[in-house]
Amino acid sequence: MTVPSQMSLRRFPEALHLAVRVGYAASWEALIDTHTRQALQFVTEFAPRIAVLDGLDLYFRVTAVAEGMHEIVRSRTLTALDLKTLPAPMELPALTGWGRLRLDLVLEHQRYRRRHLERTLELAQMAGARAAEAVVATHVENALELAWLLRGVMPVNTTADHYVREFGLPASVAQMVMQRVQAKVAADELTAQVDEPLPPGLEGASASSSSGGFPEPAADGA
């Protein structure tokens with residue numbers, strides 16, 4: 001994902017360059033805000049199982065965050081932490097004394113720690129999926145905002161496609177964003193299609209077209 005200042009303006013009228021650049025920047029900030037909220041929730045929930053700094057690293061492992069956002073998301077998450085209310089870390093059992101010399105206890109201790117780690121990763125992947133859903137929702141809102149800005153200049157589908165390309169979304173995420181954008185605007189687009197005025201000279205054809213192209217039924221006795 002490129003940074004907003006490097007995203008393309010070639011397809012837009014020059015009069016809209018500043019507005020589109022502002023739109024790119026607003027979309028970027030919205031994604032950072034979403035990641036910060038999700039990362040803060042993540043490290044707080046995982047504080048009993050894993051140290052906060054390790055939890056933040058784990059968030060970046062299970063959630064796709066653009067490389068250029070890593071440092072600012074990390075900084076904003078850390079500064080938003082309330083250390084006084086942060087859950088205390090859970091104490092893992094440790095072998096002491098002669099227990100460290102018993103092979104059965106050593107093996108069981110190792111198995112316990114391995115199960116704890118595996119469960120932590122499993123939970124982290126679930127939380128990562130939750131964060132991914134929030135990020136997709138943000139992408140959809142960003143694409144809709146850009147489409148609103150470019151209304152009358154570029155069709156919604158074209159604008160959404162441009163957005164997912166400029167923000168470098170993976171194919172699977174891009175497909176979800178495109179589908180959700182289309183679902184959001186379907187009703188308005190269909191209404192606009194009905195209300196679209198006919199070109200000059202075709203007004204008289206409206207009656208025949210309203211029948212769907214089928215011929216009128218013949219009169220009785222014809």
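Arg130 counts as partly exposed, at 32% relative accessibility. In this predicted model, the residue takes part in a salt bridge with Glu45. The closest N and O atoms of the pair are 2.8 Å apart. Glu45 likewise counts as partly exposed, at 39% relative accessibility. Arg130 belongs to helix α4 (residues 103-149) and Glu45 to helix α1, so the bridge ties together parts that are 85 residues apart in sequence.

The side chains of Lys184 and Glu141 meet with an N to O distance of 4.0 Å. Lys184 counts as exposed, since its relative accessibility of 52% falls on the exposed side of the limit, over 50%. Glu141 is partly exposed, with a relative accessible area of 40%.

Arg165 and Asp161 both lie in helix α5 (residues 156-166). They are four residues apart, about one turn of the helix. Their closest N and O atoms are 2.8 Å apart. Arg165 is exposed, with a relative accessible area of 60%. Asp161 is partly exposed, at 26%. Elsewhere, salt bridges that share partners join Glu29, Asp33 and Arg76 into one network. The count of salt bridges comes to eight.

The chain has seven helices and zero strands. Its pattern along the sequence is accordingly written α-α-α-α-α-α-α. Of its 222 residues, 32% count as buried. The accessible surface comes to about 14300 Å². Carbon and sulfur atoms account for 58% of that area. Contacts were also examined by sequence separation. Among those between residues at least 6 apart in sequence, 67% join residues at least 24 apart.

Phe12 provides a local example of such contacts. The residue is placed in the segment before α1 (17-46). Phe12 has a relative accessible area of 5%, under the 20% limit, and is therefore buried. Neighbours within four places in sequence aside, Phe12 is in contact with His17, Val20, Tyr24, Leu150, Met154 and His162. Leu150 is 138 residues away from Phe12 along the chain.

Helix packing was examined for α2 and α3. Helix α2 (residues 52-62) and helix α3 (residues 70-80) have their axes 11 Å apart. They pack at an angle of about 140°. Angles over 145 degrees count as roughly antiparallel. The two helices are therefore oblique to each other. Their crossing is right-handed. On the α2 side, the contact is made by Leu53, Leu56, Asp57 and Phe60. On the α3 side, His70, Val73, Arg74, Thr77 and Leu78 take part.

How values were computed:
Residues numbered from 1 in each chain as written. Predicted model: local features only at pLDDT ≥ 70, side-chain atom pairs only at ≥ 80, totals over all residues. Heavy atoms only, no water. Buried < 20%, exposed > 50% of the residue type's maximum accessible area, 1.4 Å probe, protein only. Contact = heavy atoms within 4.5 Å. Areas by Shrake-Rupley, 256 points an atom, 1.4 Å probe, with all protein chains shown as cover. Axes fitted to C-alpha atoms, helices over the stretch in contact; angles between N-to-C directions. Parallel < 35°, antiparallel > 145°, perpendicular 65-115°, else oblique. Left-handed = near helix turned anticlockwise from the far one by under 90°.
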